[in-house]
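Here is a friendly walk through the model shown below. Take a moment to look it over, and then we will go through a few spots together.

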Amino acid sequence: MNHKPQKSWSEIQMAIATLAFSATLAFWNLFATPQKTQDPGQSGDPTLAPSLEPTQAPSPTPGFVPVKIIFGGPAPKQQVVIQQTAAQPRQKSGAGAPKPAASTGSSKP
Amino acid sequence: MNHRLEFKAMGSHMVAIVESPASRAPALLEQVPLWFEAWEQCLSRFRPQSELNQLNRAAGWPVPVSETLWQVLQAALRAERISDGLVTPLVLEALLAAGYDRSFERLPAERETPATAGWPRAGSLDEIQLDPASRSVCLPLDMQLDFGGVAKGWAAQQAAQRLAGLGPALVSAGGDIAISAAPSAGERWPVGVDDPFEAGAQLETLLLARCGVATSGTDYRRWKLGGRWSHHIIDPRSGRPAQTDVLSATVIAPDVLQAEACAKAVLISGSRDGLQWLETRPQLAGLLVLENGERLYSRRMQQFLWRQS
């Protein structure tokens with residue numbers, strides 16, 4: 001009498017997960033739009049304050065476009081907001097205040 | 001060229017800045033912590049063998065004192081006069097009764113039982129016998145002195161005067177700031193006013209030339225005693241921590257000793273009387289931050305505030 005060896009449940013789970021992951025990667029590559037190249041004027045250093053161009057909203061669709069979309073269309077544009085790291089304590093007296101030489105307050109250790 | 005040094009002394013953060021092209025400026029600046037150490041050894045009530053504690057233990061006897069202690073005692077007498085008695089070195093027993101019996105960093109956040117209550121006879125500074133010829137001091141029996149913030153203000157002023165020989169100097173002793181002169185470029189020194197509600201943040205930036213600025217506050221040096229909040233600003237009228245709606249008071253004055261005394265007086269007086277007191281003194285400018293977050297500015301304060309042009 002022949003009998004097949006029983007596969008463990010964990011092996012089955014692993015196989016399903018592998019299949020799902022591979023399918024996701026395949027469909028992503030198929031439908032994602034190409035990345036735009038970075039503006040050469042922009043620095044990669046997040047501590048520098050670049051001159052940011054306002055992000056333009058995509059123009060509204062003029063009408064029905066007969067494009068077969070399976071998974072929600074093009075990937076959204078990535079919006080990058082760079083904040084300048086302040087070296088001095090936050091000053092409620094307003095942006096642009098000169099960096100204090102010293103401060104006065106309750107005597108702290 | 002600005003030379004800057006930061007260090008710890010007298011339980012506080014110190015900053016010393018001198019603007020000078022002299023090559024010996026850094027070396028002189030390195031001496032500043034040593035000056036403060038010598039002054040602290042003389043004036044601190046937290047050092048058992050300080051000259052101040054020796055004087056207190058010798059009450060009833062005339063004691064020759066050092067030039068440092070003599071000058072600080074004179075400064076304390078002056079502070080008592082200009083503050084209409086609200087700032088006095090005669091509150092040591094009241095400070096101890098309020099729980100401030102050791103340096104603040106060693107004070108527990110909460111104490112289970114209150115210290116000895118009551119306000120013993122404070123005496124009067126007029127009862128102290130001073131002999132300028134021998135530079136001796138005789139304290140009445142049962143009188144003890146504590147210089148408090150006067151010592152820090154005096155130290156800041158001394159250090160700034162010594163550095164001023166090289167160029168415009170600014171010295172901050174725990175927020176009591178002495179400025180010997182404006183920087184040579186014609187600008188003024190920018191000095192921040194700490195926000196008592198938010199550590200690290202500042203309410204205003206002041207632009208200052210030769211003057212003194214100091215802040216008195218109950219926001220930091222406070223602790224719980226017998227389940228109730230206590231702090232280190234004693235109202236000599238009651239012998240207890242001042243009951244006031246002012247959380248911090250910043251005063252600009254012609255010199256730091258005056259600023260220190262007046263800031264404390266304004267805080268003890270409360271917002272209404274304190275602001276009125278400031279307005280009657282044209283050499284002073286003040287900013288009060290109240291417990292409820294409200295800010296009050298004296299009229300003369302406007303000329304010192306940085307504003308975006």
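## A proline in a loop

Let us begin with B:Pro196. Leaving aside neighbours within four places in sequence, B:Pro196 is in contact with B:Leu203, B:Asp219, B:Leu247, B:Ser248 and B:Val289. Keep in mind as you look around that this is a predicted model.

B:Pro196 lies in the loop between E9 and E10 of chain B. Is this proline buried or exposed? B:Pro196 has a relative accessible area of 17%, and because the cut-off for buried is under 20%, B:Pro196 counts as buried. One of its contacts, B:Ser248, is 52 residues away along the chain, yet the C-alpha atoms of B:Pro196 and B:Ser248 are separated by 7.0 Å.

How do the two chains meet here? Strands of a sheet pair through backbone hydrogen bonds, either parallel or antiparallel. E1(A) and strand E9 (residues 189-194) of chain B pair in the parallel sense, over 3 bridges. To find the spot on screen, look for A:Ala102, whose bridge partner in E9(B) is B:Val191.

## A cluster of aromatic rings

Over all chains, the count comes to 4 aromatic pairs. B:Phe7 and B:Phe36 form one that is edge-to-face, at 5.5 Å centre to centre and with 70° between the planes. This pair links distant parts of the chain: B:Phe7 sits in strand E1 (residues 2-9) of chain B and B:Phe36 in helix H2 (residues 32-43) of chain B, 29 residues apart. B:Phe7 and B:Phe36 are both buried.

B:Phe36 also forms an edge-to-face pair with B:Trp39, at 5.3 Å centre to centre and 65° between the planes. These two residues are 3 apart in helix H2 of chain B, so about one helical turn separates them. B:Phe36 has a relative accessible area of 0%, while B:Trp39 is buried at 4%. Ring pairs link B:Phe7, B:Trp35, B:Phe36, B:Trp39 and B:Trp154 into a cluster.

Which residues touch the most other members of the largest nonpolar core? Of its 54 residues, they are B:Phe36, B:Trp39, B:Leu43, B:Leu145, B:Phe147 and B:Leu163. A second, separate core of 22 residues includes B:Ile233, B:Ala259, B:Ala263 and B:Leu275.

Not counting residues up to four places away in sequence, B:Trp39 touches B:Met10, B:Thr68, B:Trp154, B:Ala155, B:Gln158, B:Ala159 and B:Arg162.

## A buried glutamine

Our last stop is B:Gln258, found in helix H7 (residues 256-269) of chain B. B:Gln258 is buried, with a relative accessible area of 10%. What does B:Gln258 touch, not counting residues up to four places away in sequence? Its contacts are B:Arg78, B:Ile82, B:Ala253, B:Gln283 and B:Leu284.

Key
Residues are numbered from 1 along each chain as its sequence is written. Chains are lettered from A and ligands numbered from 1 in the order in which they are written. This is a predicted model: local features need pLDDT of at least 70, side-chain atom pairs count only at pLDDT 80 or more; totals for chains, interfaces and linings use all residues. Side-chain values use heavy atoms; hydrogens and water are left out. A nonpolar core is a set of buried Ala, Val, Leu, Ile, Met, Phe, Trp, Tyr and Cys residues joined through side-chain atoms within 4.5 Å. Buried means under 20% relative accessible area, exposed over 50%, partly exposed in between (1.4 Å probe, protein chains only). Contact means heavy atoms within 4.5 Å. Helices (H or I, at least four residues) and strands (E, at least two) are DSSP runs, numbered from the N terminus. Two strands pair if DSSP finds at least two bridges between them. Rings of Phe, Tyr and Trp (its six-membered ring) pair if their centres lie within 6.5 Å; planes under 30 degrees apart count as stacked, over 60 as edge-to-face and the rest as tilted.
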